[in-house]
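Please read it with the structure open.

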Amino acid sequence: MKIYKFNFELDKKTLLRSLRSCAYFAVSFFLIVYLIYHASNGFQSRVETEPVLYSVGEKNVTLDAYIFRNESIITSNYDGIVSYLTEENEKVTDTSVVADIYKSGTDTSLIDEIAELDRQISILSEVSASAMIFTDIASIDNSISKSLSTLNSYVNTGDIKSALSSSDILLADLSRRQLRMTSQKNFYEYINTLSARKEALSLALPNPIQSVRADAQGYFSRMCDGYEAYFDFEKIDTLSVTDFFKIKAEAQNAAPQHNAIGKIITDFEWYLVCPIEHNLTGSFSEGKEYNINFIQNMNIALPVLLERIATDSAEGSSLLIFKCSRMPSDFNYLRTQKITISSKSVAGLKIPRSSVRVTDGKTFVYILVGGRVYMRSVDIAGDAGEYYYVSENSSTVEIDGKEYYPLKQNDSVIVYGTDLYHGKIYK
């Protein structure tokens, strides 16, 4: 009689392999079933809704704007190193010394250090003068946080002038905090030290070869771009479309005048001339006030008056000529600015553009009510940004022989969903 020996280890491995094969088979089977079930719409697709509310929106237009100001150029009599004594956009009289001119070869580090000492003395004097006004640490810290954020924004957009101005505000806030955290009452002792340092440096500095005075009362600016001779403030009242494009072409190779050190803006009113397609002018009205956002100036918003719309039959464009009476100290008066302006207001039931569908020229949306999908007709009254504004009294529409009611306020419009149709049920 033949006796068989049982190999326990070998049979154990065979059993494990069989179990693994069964497991793989089971997983594969359930995966196939899952995919078939999903492909046959066994699962409902995701659906997203948004409430329908009445709203008013602003339709914005982005334009190029060209600045016209009443500008008087100031020049020096000599070539040399310019040391400015007046801040940008600072108000001056016709006797104000705006800059000193030093002969070429003068140690500019002395000039720069004296200017920095003047800056620190001015900031610390202002902080010391207001030191007795109670300000809690939390308020100062909040101001520091805002100053840091503003400074970072200016640096990121390349607006160095505004960044430097913002850094002065930050230094003042940090100085106020130091006073509140210590027993100091003011910075007068430190100011005296800085003043003594400034006096010592001034003695080492040679006398200027010219002190340049303002030739009129107004606002001083160091920014001379050569366009002053072309964008003539006096021409604004009669400026035509043809005139503007001729001036713009002639000014392409403009360069600052020789030895120009700055200019005086002698009028607080200035103008923005904006070329625009003629068919878009219907959204604007002469004599109406608008708010303009200056994209390259941290989106600063200024109120302006549309003084005139210039139209020329020989040109395909028109001009919007705005007048502004505000002169913010931290504003960068680049000759050409990118602006956005609200051309008109639109009102109605606000719905996302993505929710609107069109069949046979008829517009409609889907809404969700108690888990069931319904079609609703919409009459679009206008658009602004990513939204349409729908009439509250839209008409009933007929599609494929069926009538569908209009959209109403507080409906839940479907903004995302697939395989939608009237009567579909979501569980």
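1. Basis. This is a predicted model, in which local features need pLDDT of at least 70 and side-chain atom pairs count only at pLDDT 80 or more, while totals for chains, interfaces and linings use all residues. Residues are numbered from 1 along each chain as its sequence is written, and side-chain values use heavy atoms, with hydrogens and water left out.

2. Overall make-up. The protein has six helices and 22 strands. Both are DSSP runs numbered from the N terminus: helices are H or I with at least four residues, strands are E with at least two. Of the 427 residues, 35% are buried. Buried means under 20% relative accessible area, exposed over 50%, and partly exposed in between (1.4 Å probe, protein chains only).

3. Surface and contacts. Take the contacts between residues at least 6 apart in sequence: 77% of them join residues at least 24 apart. A contact means heavy atoms within 4.5 Å.

4. Helix α6. This helix spans residues 241-250, and V241, F244 and I247 are buried in it. These residues lie on the same side of α6, because they cover an arc of only 130 degrees around the axis. The arc is taken from the directions from the helix axis to the C-beta atoms. What covers them? The cover includes β2 (53-68), β10 (270-277), β12 (300-311) and β13 (317-324).

5. Residue N89. Look in the loop between β4 (81-84) and β5 (91-92). Is N89 buried or exposed? N89 counts as buried because its relative accessibility is 11%. Leaving aside residues up to four places away in sequence, N89 touches Y219, F220, P328, S329, F331 and Y333. The C-alpha atoms of N89 and N332 are 9.6 Å apart, although 243 residues separate them along the chain.

6. The three-strand sheet. This open sheet has the order β4-β6-β7, with antiparallel pairing. Two strands pair if DSSP finds at least two bridges between them. β4 and β7 (210-213) are the edge strands; each has a single partner strand, so one side of each is left without a neighbour in the sheet. On average, neighbouring strands of this sheet are turned by 25 degrees against each other, direction ignored. The axes behind that angle are lines fitted to C-alpha atoms, for helices over the stretch in contact, and angles run from 0 to 180 degrees between N-to-C directions. Four bridges join β4 to β6 (residues 97-102).

7. Partners of β14. Strand β14 covers residues 336-352 and runs antiparallel to β2, with 14 bridges between them. V61 stands opposite I341 in β14. I341 is also the bridge partner of I292. β11 (residues 289-294) is joined to β14 by three bridges, again antiparallel. β19 (residues 387-390) pairs with β14 over four bridges in the antiparallel sense. There, P352 has Y387 as its bridge partner.

8. The β16-β17 hairpin. β16 (residues 362-369) and β17 (residues 372-377) run antiparallel and share six bridges. V369 has R372 in β17 as its bridge partner. Two residues lie between the strands, and G370 in the turn has a positive phi of about 55 degrees.
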